[in-house]
Amino acid sequence: MSEEKKAKPAGVWPAVKPFVNGGASGMLATCVIQPVDMIKVRIQLGQGSAVQVTKNMIQSEGISAFYKGLSAGLLRQATYTTARLGTFRILTNKAVAANDGKPLPLYQKAICGLTAGAIGACVGSPADLALIRMQADATLPAAQRRHYKNAFHALYRIVTDEGILALWKGAGPTVVRAMALNMGMLASYDQSVEFCRDSLGMGEAATVVGASAVSGFFASACSLPFDYVKTQIQKMQPDADGRYPYTGSLDCTMKTLKSGGPLKFYTGFPVYFVRIAPHVMLTWIFLNQIQKLEKSAGL
């Protein structure tokens with residue numbers, strides 16, 4: 001009887017716990033990274049260097065400008081990161097159980113990461129669109145600004161003006177990129193934790209920080225080629241005859257590979273790494289702290 005009782009699930013909490021923990025860690029990381037992300041968006045929109053953008057934002061809009069779009073960023077983490085980290089942990093737990101409790105080989109972790117990334121991107125795409133719209137709104141001419149009040153107002157305006165399906169504009173490339181990023185991020189973190197803890201005998205804090213750094217690197221390395229192709233497609237202009245340089249993502253990939261080789265896809269890797277890795281590292285560190293608090297509280 002005692003064994004049967006142990007086998008019974010302990011309510012809803014064990015099932016939702018990976019999702020709650022994942023979303024909370026992502027939201028905390030976003031609160032820290034948001035100012036950096038805001039500066040990054042302004043740089044991409046052609047407003048100058050990081051120093052120039054920072055100086056102009058403080059002078060013209062004040063400190064609060066660095067947190068414009070925070071509600072959309074938090075909503076994105078509450079959807080995207082909740083779904084991807086929760087799904088990944090559920091999938092890996094089931095895979096470990098099917099593997100008689102033995103650690104999973106790297107390829108199985110990678111498959112779980114790919115699946116979790118796809119699900120998370122589909123769920124989080126509307127919030128991602130709202131975040132981009134809110135961050136870019138202040139850079140538009142005054143007559144074209146939409147003056148979004150918060151993420152939910154942005155979503156409402158998009159649905160009202162463009163239709164419900166507009167919430168998933170550009171979702172295809174976003175899903176592919178998310179699959180690559182999460183394959184690198186999630187699989188490498190679990191693999192690194194096992195290596196640091198079991199092979200190197202590192203303590204908990206060193207293991208989490210070391211594995212987080214490795215995870216940030218592989219998240220960047222796996223996703224940059226897809227991000228590079230997406231950027232080339234988004235910024236291409238027609239020539240004098242009205243022809244575009246690429247007919248699509250596959251054509252862009254093949255032409256880039258032919259002209260510049262595989263390393264061409266890693267143009268700007270240091271800058272991209274600085275953009276991606278800190279959020280990845282903070283997410284894992286916050287997740288570890290949340291799990292420790294839950295353990296001490298008996299949850």
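Predicted model: local features only at pLDDT ≥ 70, side-chain atom pairs only at ≥ 80, totals over all residues.
A residue counts as buried when its relative accessible area is under 20%, and since Tyr228 has a relative accessible area of 12%, it is therefore buried.

**Nonpolar cores**

- The largest nonpolar core is made up of 25 residues, and those with the most contacts inside it are Met185, Leu186 and Trp284.
- Two or more residues of this core come from each of the helices α4 (70–98), α5 (106–137), α7 (171–199), α8 (204–235) and α10 (269–296), and α7 gives the largest share, with seven residues.
- Leaving aside residues up to four places away in sequence, Leu186 is in contact with Arg84, Leu85, Phe88, Gly113, Ala116 and Trp284.
- Another core lies apart from the largest one and has 14 residues, including Leu129, Met134, Ile158 and Ala166.

**The second largest pocket**

- The second largest pocket has a volume of about 830 Å³, and 31 residues line it, of which Arg89, Tyr189, Asp190, Val193 and Gln291 lie nearest its centre.
- At least two residues of this lining are supplied by each of α2 (13–44), α4, α7, α8 and α10.
- Sorted by class, the residues that line the second largest pocket are 12 nonpolar, nine polar and 10 charged.

**Aromatic pairs**

- A pair of aromatic rings is described by the distance of the centres and the angle of the planes.
- The count of aromatic pairs in this model comes to seven, and one of them, between Tyr228 and Phe265, is edge-to-face, with 6.0 Å from centre to centre and 85 degrees between the planes.
- This pair links distant parts of the chain, because Tyr228 sits in helix α8 while Phe265 sits in the loop between α9 (249–260) and α10, and the two are 37 residues apart.
- Phe265 has a relative accessibility of 9%, so it counts as buried, and Tyr228, at 12%, is buried too.
- One aromatic cluster is formed by Phe217, Phe218, Tyr266, Phe269 and Phe273.

- Ile276 has its place in helix α10, and it counts as buried because its relative accessibility is 11%.
- Although Ile276 and Gly216 are 60 residues apart along the chain, their C-alpha atoms are separated by 6.8 Å.
- When residues up to four places away in sequence are not counted, Ile276 touches Arg177, Leu181, Ala219 and Ser220.
- Leu282 also lies in helix α10, but at 21% relative accessibility it counts as partly exposed, because that class covers values between the 20% limit for buried and the 50% limit for exposed.
- Leu282 and Gly216 are 66 residues apart in sequence, and from C-alpha to C-alpha they are 9.6 Å apart in space.
- The contacts of Leu282, again without residues up to four places away in sequence, are with Ala29, Val32 and Ile33.

**A loop residue with positive phi**

- Most residues other than glycine have a negative phi.
- The phi of Asp100, by contrast, is near 60 degrees, which is a positive value in a residue other than glycine.
- Asp100 is found in the loop between α4 and α5, and its relative accessible area of 70% is why it is described as exposed.

Key. Residues numbered from 1 in each chain as written. Heavy atoms only, no water. Core = buried A, V, L, I, M, F, W, Y, C linked by side-chain atoms within 4.5 Å. Buried < 20%, exposed > 50% of the residue type's maximum accessible area, 1.4 Å probe, protein only. Helix = DSSP H or I, 4+ residues; strand = E, 2+ residues; numbered from the N terminus. Contact = heavy atoms within 4.5 Å. 1 Å grid on protein atoms, 1.4 Å probe; cavity = no way out; pocket = protein on both sides within 12 Å on 5 of 7 lines; lining within 4 Å. Points joined across faces, edges and corners; volume = space filled by probe spheres on them. Nonpolar A, V, L, I, M, F, W, Y, C, P; charged D, E, K, R; others polar. Phe/Tyr/Trp six-rings, centres within 6.5 Å; stacked < 30°, edge-to-face > 60°.
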